[in-house]
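Visitor: Hello! I would like to learn how to read a structure like this one. Could you show it to me and take me through some features?

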Amino acid sequence: MSIIKKSKAAIARSAATWRTTGVDDPPNGIYMDNAATSFPKPLGVEEALLAFHRDIGASAGRGAYPRAVAAGRLLDETRRLLARLFNIPKPERIIYTSNASEALNLAIKGIRWQAGDSAVVSVMEHNSVLRPLHALQERVGIKVHKVKASLEGVVDPIEVAKAIDARTKLIALVHASNVTGTLQPVADVGGIARRKGIPFLVDAAQSAGAYPIDVQAMNIDLLAFPGHKALLGPLGTGGLYIREGLELDTLKEGGTGSQSEHEVQPDFLPDRYEPGSHNALGIAGWKAGLEYILGKRMSSIRTQEESLIRQFLEGAQWIRGLTVYGPKQAGAQVAVISLRLGDLAPAELSYRLFEQGGLMTRSGLHCAPGVHRSIGTYPDGTTRFSFGCFNTSTDIEQALATLSNLARI
């Protein structure tokens with residue numbers, strides 16, 4: 001059977017599997033770009049979006065009529081689901097944002113920086129952490145200490161401790177790399193930050209919804225997360241958890257529907273950080289995604305994705321000319337795998353993977369150039385496979401078969 005016929009057969013099997021999990025039919029291909037945004041979403045997400053349009057359609061906190069009250073209740077219920085998922089004691093400490101990047105900007109720029117202050121980060125960070133800090137370097141004159149990582153992408157907590165100086169005001173660490181999938185020792189670094197009295201920010205863009213997170217056990221002061229990735233919500237959703245006792249300067253101000261007689265922004269949460277009308281439509285869909293995750297249980301999702309990682313890694317080791325980066329251990333990473341095949345440019349490999357196998361992957365630097373410098377793939381980057389909770393063993397078979405065929409060309 002040709003690779004094209006194999007691809008069509010695999011897509012058909014994948015579609016049959018997806019139907020049994022309660023999601024729409026897949027597109028003409030196998031989606032493996034969940035690190036960018038998850039697809040497909042549970043059918044409940046689409047239904048929730050339509051229900052909001054049909055039954056609510058109002059802005060929260062702007063009226064006492066039933067539709068406005070229902071919108072406010074929706075926001076509160078979703079906050080409670082997030083608090084349950086991350087073991088957050090007070091749901092009002094969760095701030096809605098448009099994505100993880102906005103959450104990270106609020107966390108980073110909300111610190112009251114002065115010239116000479118410093119931040120400690122790692123080379124594994126995404127540009128959504130590095131660029132706000134770079135802006136502060138230029139505008140305020142802060143210093144940024146970057147801790148190196150191993151070839152597998154692991155950051156040593158001891159090296160983080162060594163990078164702290166007398167004027168360190170923030171430690172930021174990505175929980176899971178969007179390039180290698182590497183899981184970092186967040187709890188250990190958080191313990192160091194807590195003992196030093198330094199706020200600890202965790203970028204959970206790739207881990208929230210895919211890996212258990214407990215902000216109390218992990219000593220996390222600030223947790224930034226997107227709604228549209230493994231949390232299975234629509235684009236345009238995200239959030240920031242702010243530990244009680246830690247206050248940030250506002251990133252923006254405006255109407256909240258509360259204390260409208262004052263020109264100053266309200267000082268209580270979440271209103272202090274949520275000016276303007278909410279993306280209640282997106283949050284309605286996000287709530288359905290969270291309900292799906294909590295109903296399926298995080299441990300079940302993690303077990304399933306570890307199985308996919310293990311299957312892919314075991315098959316990849318037999319493909320001639322294939323180089324896989326990162327830990328290469330299912331238990332040490334999320335379902336993100338970067339690779340190179342022979343002399344093929346990453347963009348060319350991604351094109352051929354779709355053309356010959358119907359596989360949707362991403363190529364390039366993935367907005368994390370420091371990671372590629374660390375693992376030796378700069379400036380061309382890698383081709384990235386990222387699986388989600390609706391990918392199947394059949395999808396992995398198709399990915400390995402396509403890579404094997406391309407390796408023989």
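Visitor: In which loop is N87 found?

Guide: N87 is found in the loop between α3 and β2 (94–97). Helices (H or I, at least four residues) and strands (E, at least two) are DSSP runs, numbered from the N terminus. Please keep in mind that this is a predicted model, where local features need pLDDT of at least 70 and side-chain atom pairs count only at pLDDT 80 or more, while totals for chains, interfaces and linings use all residues. Residues are numbered from 1 along each chain as its sequence is written, and side-chain values use heavy atoms, with hydrogens and water left out.

Visitor: What is the phi of N87, and is N87 buried or partly exposed?

Guide: Its phi is near 55°, a positive value in a residue other than glycine. Buried means under 20% relative accessible area, exposed over 50%, and partly exposed in between (1.4 Å probe, protein chains only). N87 has 34% relative accessibility, so it counts as partly exposed. H366 also has a phi near 55°, and it lies in the loop between β12 (362–364) and α11 (369–375). At 1% relative accessibility, however, H366 counts as buried.

Visitor: Which residues touch the most other members of the largest nonpolar core?

Guide: First, the general idea: nonpolar side chains tend to be buried together in soluble globular proteins. A nonpolar core is a set of buried Ala, Val, Leu, Ile, Met, Phe, Trp, Tyr and Cys residues joined through side-chain atoms within 4.5 Å. Here the largest core has 61 residues, and F86, L223, F225 and L231 touch the most other members. Helix α3 (residues 66–86) gives the most to this core, with nine residues. Leaving aside residues up to four places away in sequence, F86 touches A208, I213, D214, V215, L223, F225 and L231; contact means heavy atoms within 4.5 Å.

Visitor: How many aromatic pairs does the structure hold?

Guide: Rings of Phe, Tyr and Trp (its six-membered ring) pair if their centres lie within 6.5 Å; planes under 30 degrees apart count as stacked, over 60 as edge-to-face and the rest as tilted. The structure holds seven such pairs. In one of them, the ring centres of F225 and W286 are 6.2 Å apart and the planes are at 55°, so the pair is tilted. This pair links distant parts of the chain, with F225 in strand β7 (residues 222–226) and W286 in helix α8 (residues 280–296), 61 residues apart. Both F225 and W286 are buried. F86, Y96, F225 and W286 form one aromatic cluster.

Visitor: Where does the charged end of R373 sit?

Guide: A charge sits over a ring if NZ of Lys or CZ of Arg is within 6 Å of the ring centre and within 35 degrees of the ring normal. The charged end of R373 sits over the ring of Y378, 4.2 Å from its centre.
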